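Dear colleague,

I am passing on the structure below, and after it I set out what was found. Please read the notes alongside the coordinates.

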Amino acid sequence: MRNILTIARKEAQTYFGSPMAYVIAAVFLAVSSVFFISDLQSTELARLTGFLFGAIVLLTVIAPLLTMRLVAEELKLGTLELLMTAPVREVEIVLGKFLGAFAILFAMLLLTWFYPLILKLGGGEPDFGPVLSGYTGLLLFGSAFMAIGLLASCVTSNQILSAVVGLGLLLLLWLLSAAGALVQNVEWAKGLLGYISLTNLYVDFLRGVIDTKAVVFLASITATMLFAATRAIEARRWR
Amino acid sequence: MTTSTAPQVMIGVEHIYKRYGDFPAVEDISFEVYKGEVLGFLGPNGAGKTTTMRILTGYMPPSEGRVTIAGHDMFTESLAARKHIGYLPETVPLYTDMTVRAYLNYQATLKGMKGAHKQARIDDVIHRLRLEDYADSHISKLSKGYRQRVGIGQAIVHEPDVLVLDEPTIGIDPIQVVETRQLIKDLGKDHTIILSSHILPEVSMICQRVIIINEGHVAAMDTPENLSSRLGGPDHLRMTVRGPAREVAALVRDQAGVITVDANNTAYEGVVRLEVICRPGRDVRPQLAAAIVNHKWDLLELQAIGMSLEEIFLRLTTKEDYDADA
């Protein structure tokens, strides 16, 4: 546990010490505010749905950019060799790095606290149920996305390649959600694709529903990807 | 020998093999390093030095064989074994966006240190490696020599029993090389050290024992002195004479005890430089000097090169057989 926190702290400090995280956070805030405002203007409803909708799209792009350096950079610098000869388990390396990246995501979402505040101060009566469930959804989706990005970072020493692989995997996952419409005739496939459809899952969060099925599904993606990342690092020993 | 008087084995390597696909990088290497010993690991590029060190440090498992560090099996008790090791890879990998102090703190924490003891030890290492002026500088701002020191710093910060240093003096300037060698000598007083190098005088200077490996095999293992005497071979002299090149060479070749003479004209008019190989165990220098002077030539230089570790190394790794010529 101590090793995980040590690595997580180091990763978080690296993010906060580099312009990359700030630029990404600034872009995230700027673009998501457009979604927030345009939804507000078109519906005149005191809700965060516009922001939350934009945020998940942005996260799809941002998550692999945040995670691309996690292991790829260590491979490039050669520092992974020191990490793997230190008395630290591979799973601790992976969890530490994941937690460090998660801290950045969490901090970035914290910066959006003024969106609900604006709704309140603007005289609206926002329903905080969907707001909270929406943020929960963002964090769960963000975790899964970053776990996928972390796995992509373990397979190459090239950060750009890692980001491209991560983004590719995420886009495939989204496309899989839309594929349900293409197989209307095949009952079981339609059912399965509907079940794992990211869109369906996220819409529930926006409605204010925190479904156990969705939580378990997203947490399993995260866990599976982190497990695969651990194995990917272990596999480097056998080359 | 009873166990109470036997020196403690800190690094045990038993019949390790490592294959990359079909390519055998290391084949049947075995050796032991005892507590307090400084062992040199010599070999040409691609001989398997780095592979062996990576196996020792637990970075990669051997295809076959067993490694123990301070009594812990590297495969079955990897974490316990790794706690005893400080490792400096050849490339000196560092997080360049961290300050020296933050980096050492990170490494010390990962290696299980904490609290006031850790802080005191970090200060100690910074002082010992004379990094005080750079303690709060980013590593990216440091020169290669200082980075090397930071690399050594992370290897020793947790006071490990065993230090594994892969080419610790490569790529740094000559003054720093001298300092680093002295540092390693000092560290040898309370650590067991294995270092690889292809600089032979360095190894004979620092190490009590040398292993020469070539093409994945142990070619020789002994003290630098014993290696020299065991493979004694012909003595080697260098002479510089002012005189007619051809006659000088002929005269020297005719002396008893001389085996071969290799004469080169130098840039100076009328000066010849000779490389002389003579039979071991017989000093032909007075005889050579007298002969030159008798011919009224000027003996400008007469130097015994002896059998350097370098020659032993070359001979062992290139399979040349001088004795057959002699």
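**Where chain A meets chain B**

In this model, 22 residues of chain A are in contact with 28 residues of chain B, contact meaning heavy atoms within 4.5 Å. This is a predicted model, in which local features need pLDDT of at least 70 and side-chain atom pairs count only at pLDDT 80 or more, while totals for chains, interfaces and linings use all residues. Residues are numbered from 1 along each chain as its sequence is written, chains are lettered from A and ligands numbered from 1 in the order in which they are written, and side-chain values use heavy atoms, with hydrogens and water left out.

The area buried between chain A and chain B is about 2,500 Å², with carbon and sulfur atoms giving 62% of it; buried area is the accessible area (1.4 Å probe) that two parts lose on being put together, summed over both. On the chain A side, A:Glu81, A:Leu82 and A:Pro87 lose the most area to chain B, together 27% of what that side buries.

The rule finds one salt bridge across this interface (a side-chain nitrogen of Lys or Arg within 4 Å of a carboxyl oxygen of Asp or Glu). A:Glu81 forms a salt bridge with B:Arg54, and their closest N and O atoms are 3.0 Å apart.

Elsewhere, A:Asp39 is buried, with a relative accessible area of 10%, where buried means under 20% (1.4 Å probe, protein chains only). Leaving aside neighbours within four places in sequence, A:Asp39 is in contact with A:Glu44, A:Arg47, A:Thr49 and A:Gly50.

With best wishes

Conventions. Buried means under 20% relative accessible area, exposed over 50%, partly exposed in between (1.4 Å probe, protein chains only).
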